[in-house]
Amino acid sequence: MPGLAVRCKVLVLGAAVCGCAEPGNQTVAGRVPASAHALEAVMPYFDSAWAMNKHWEDGLAEVATYEAERTVYNKKRTFELTQITVKEDFNQEYNVKTDDYQRDDLFPVMKINQFCQITADEYPYHYLTSLFFRREQPVALYKMTMSSQEWCGNTFKSIVDDGVNFEETYNSYWDKQGVGSRDLRRDVFLEDALPYSLRSLRFDTLPSFDLTVLGLQQTNKASPPEYYRGHLTAAAAAANEVGQPAWRVTVALGKDRQNVYWFAQQYPNVLLRQTTWDGRSLRLKAVRRYAYWPGAKGSAKVAAAGGVVAKR
């Protein structure tokens, strides 16, 4: 295995990947309490009802497939990335998707699953990130789980909103990390979640505002968090940028660090393209609404009727 220490910056939408090298230095931040209205200042720039549209109530998932590229071991790698967006119902007892729609503790969420497999010279990498947002709140993260698998080992991370901070728990194969937990700031956007959260921008107002971004979580490490004080601007994209009417959203994360996202102007504002400061890229290949699990349409009908859905 390579002995070279590689700085890990893996984004679900493509990033440089760490091998089995010694972890690099990261910015360490302790407990930083945030109020229950931590993102209140930026909420006017977003449509809180974006995910309440009936578009999401047919029991199907939006499955978007992207051509992706990033540098792994000093070489550009191309691969395919899939992002799944779907409405689900959680129950409060277990804080996961319910199988029983007769419960009295249900609430709707939007699930965003991001999966990719990257083939490198040494061995393949697999990443799956699951992001959950309350349906009426497309900006503030509710829950995240992330796992990576490669020949060196497994890493798992979870972030849950505890009402004061984000509580992170992790289990990593890396020395000096292992098993642990820590509090994260709650007044942040997750970089991993921007492809979803930015879809709900009030694009036609051409918003421009400051924001705090929690750096990439989809990595094979459990490094301490990095926070970026960034600035977001939105504008109409030029006709030749993505080949259809689109909005271009630029998120500057600091000097020489800029991410750019292109979203379709037509609802549901699918992510069409992305580029990032560290050379990652995404370009939409196809998007469809799809019952990717057995009984999806039937489950939606049963749920609407208040019945019980079989486990899957």
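Salt bridges are the theme here: this predicted model holds 17 of them.

**Stop 1: Glu88 and Lys111.** Pick these two and show their side chains, which meet in a salt bridge at 2.8 Å, N to O. Now colour by secondary structure. Glu88 sits in strand E2 (residues 75-91) and Lys111 in strand E4 (residues 106-119), so the contact ties together parts that are 23 residues apart in sequence.

**Stop 2: Glu191 and Arg280.** Next, select this pair, whose side chains form a salt bridge at 3.3 Å, N to O. This one links distant parts of the chain, 89 residues apart. Glu191 is in the loop between strand E10 (189-190) and helix H1 (194-197), while Arg280 is in the loop between strand E15 (271-275) and strand E16 (281-290). Buried or exposed, these two? Both Glu191 and Arg280 are buried.

**Stop 3: Arg248 and Glu241.** Move on to another salt bridge, where the side chains of Arg248 and Glu241 come together at 2.8 Å, N to O. Check each partner's accessibility separately. Arg248 has 25% relative accessibility, so it counts as partly exposed. Glu241 has a relative accessible area of 16%, and that makes it buried, since the cut-off for buried is under 20%.

**Stop 4: a network.** Finish by selecting Lys75, Arg77 and Asp121 together. Show the side chains: these three residues are linked in a network of salt bridges.

Note on methods: Residues numbered from 1 in each chain as written. Predicted model: local features only at pLDDT ≥ 70, side-chain atom pairs only at ≥ 80, totals over all residues. Heavy atoms only, no water. Salt bridge = Lys/Arg side-chain N within 4 Å of Asp/Glu carboxyl O. Helix = DSSP H or I, 4+ residues; strand = E, 2+ residues; numbered from the N terminus. Buried < 20%, exposed > 50% of the residue type's maximum accessible area, 1.4 Å probe, protein only.
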